[in-house]
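Subject: A structure for you to look at

Hi there,

Here is the model I promised to send over. Have a look at it first, and then read on for what turned up.

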Amino acid sequence: MRKQGMAATLFPIFVLSGLAALAFWLKEAVTMPFQPDDGKKRDTPDAIVENLTIYRYDMSGELGYRLTASRMEHFPDDSSLIFAPRLIHYRPGQPDITVAAQSALVTEKGERVLLRDDVVLTRDAYAGRPKLIARTPELTVLPEEGKAFNDKPVSITQGATWLNGIGLMADHNLGTFTLRQSVRGEYVQTPAGKKP
């Protein structure tokens, strides 16, 4: 079921761009030069990085993104397992967006990212709007295609407004967000002139 009006309020396009940014930075983190495959088993990492932090700055020198992770394990098949990934997207004059999970599996040379175990997207409060929080158990992101999807429960809150459903499909390029089934929600409008 597609929720046009409520989705536009609850899950704005810059949250989708936060997902795309996280996937991009996870892909960047795992495409560092490693030794060629020496015949090790798939479950034996060929490189391990502890307390990873990657910064990206815009053309004017302002910090745009910060990606942190407690540990990254790279494997001979060019996949990586990243523990506690957390990306913060900074934009001047806009609220920060944070994407976090307990782990991420980056496969196919960064073409597919599976965020697992309590995926949380947060947009800080701004302009009288309360913090937006989206939660789901796992989320698959296709960075090159700008898409994210799952077949899991999704819960989104913004102040007293809430939206729940099962099966998410987000397309960053089209700016669309779809919950496929069992969609329920309540939109609570803040009275004019009052901050939530």
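Is Asp 171 buried or exposed? Asp 171 is buried, because its relative accessible area is 9%; here buried means under 20% relative accessible area, exposed over 50% and partly exposed in between, with a 1.4 Å probe and protein chains only. Asp 171 sits in strand E11, and its C-alpha lies 6.6 Å from that of Ala 148, a residue 23 places away in sequence.

Before the rest, two notes on how to read this. This is a predicted model, in which local features need pLDDT of at least 70 and side-chain atom pairs count only at pLDDT 80 or more, while totals for chains, interfaces and linings use all residues. Residues are numbered from 1 along each chain as its sequence is written, and side-chain values use heavy atoms, with hydrogens and water left out.

**Overall layout**

The protein chain has two helices and 12 strands; helices (H or I, at least four residues) and strands (E, at least two) are DSSP runs numbered from the N terminus. Going from the N terminus, the order is α-α-β-β-β-β-β-β-β-β-β-β-β-β. The chain has 196 residues, of which 44% count as buried. Among contacts (heavy atoms within 4.5 Å) between residues at least 6 apart in sequence, 46% join residues at least 24 apart.

**Strand pairing**

Two strands pair if DSSP finds at least two bridges between them. Strands E1 (residues 47-57) and E2 (residues 63-74) are antiparallel partners with 10 bridges, and Tyr 57 stands opposite Leu 63 in E2. Five residues separate the two strands in this hairpin, where Gly 61 has a positive phi near 90°.

Antiparallel to E8 runs strand E7 (residues 112-123), joined to it by nine bridges. E8 also pairs with strand E10 (residues 153-158) in the antiparallel sense, over four bridges. Arg 135 takes part in both pairings: Val 120 has Arg 135 in E8 as its bridge partner, and Arg 135 in turn has Ser 155 in E10. The hairpin of E8 and E9 has four residues between the strands, and Gly 146 in it takes a positive phi near 70°.

**Core and cavities**

In soluble globular proteins, nonpolar side chains tend to be buried together. The largest nonpolar core in this model has 29 residues, and those with the most contacts inside it are Leu 115, Ile 156, Leu 168 and Leu 179. E1, E2, E6 (103-107), E7, E8, E10, E11 (161-171) and E12 (176-186) each supply at least two residues of this core. By a nonpolar core I mean a set of buried Ala, Val, Leu, Ile, Met, Phe, Trp, Tyr and Cys residues joined through side-chain atoms within 4.5 Å.

The search of the whole structure gave two cavities of 30 Å³ or more. A cavity is a set of points on a 1 Å grid over the protein atoms alone where a 1.4 Å probe fits but cannot get out, and lining residues have an atom within 4 Å of a point; grid points are joined across faces, edges and corners, and the volume is the space filled by probe spheres set on the points. The second largest cavity holds about 30 Å³. Its lining consists of Leu 121, Ala 134, Arg 135, Thr 136, Leu 139, Val 154 and Leu 168. Strand E8 (residues 132-142) gives the largest share of that lining, with four residues.

**A few residues to check**

Most residues other than glycine have a negative phi. Ala 84, however, has a positive phi of about 55°; Ala 84 is in the loop between strand E3 (80-83) and strand E4 (86-89) and counts as partly exposed at 35% relative accessibility. Ser 182 also has a positive phi, near 50°. Ser 182 belongs to strand E12 and is exposed, with a relative accessible area of 52%.

Lastly, Asp 117 in strand E7 is partly exposed, at 46% relative accessible area. Leaving aside neighbours within four places in sequence, Asp 117 is in contact with Ala 101, Gln 102, Ser 103 and Pro 137.

Best wishes

Terms used
1 Å grid on protein atoms, 1.4 Å probe; cavity = no way out; pocket = protein on both sides within 12 Å on 5 of 7 lines; lining within 4 Å.
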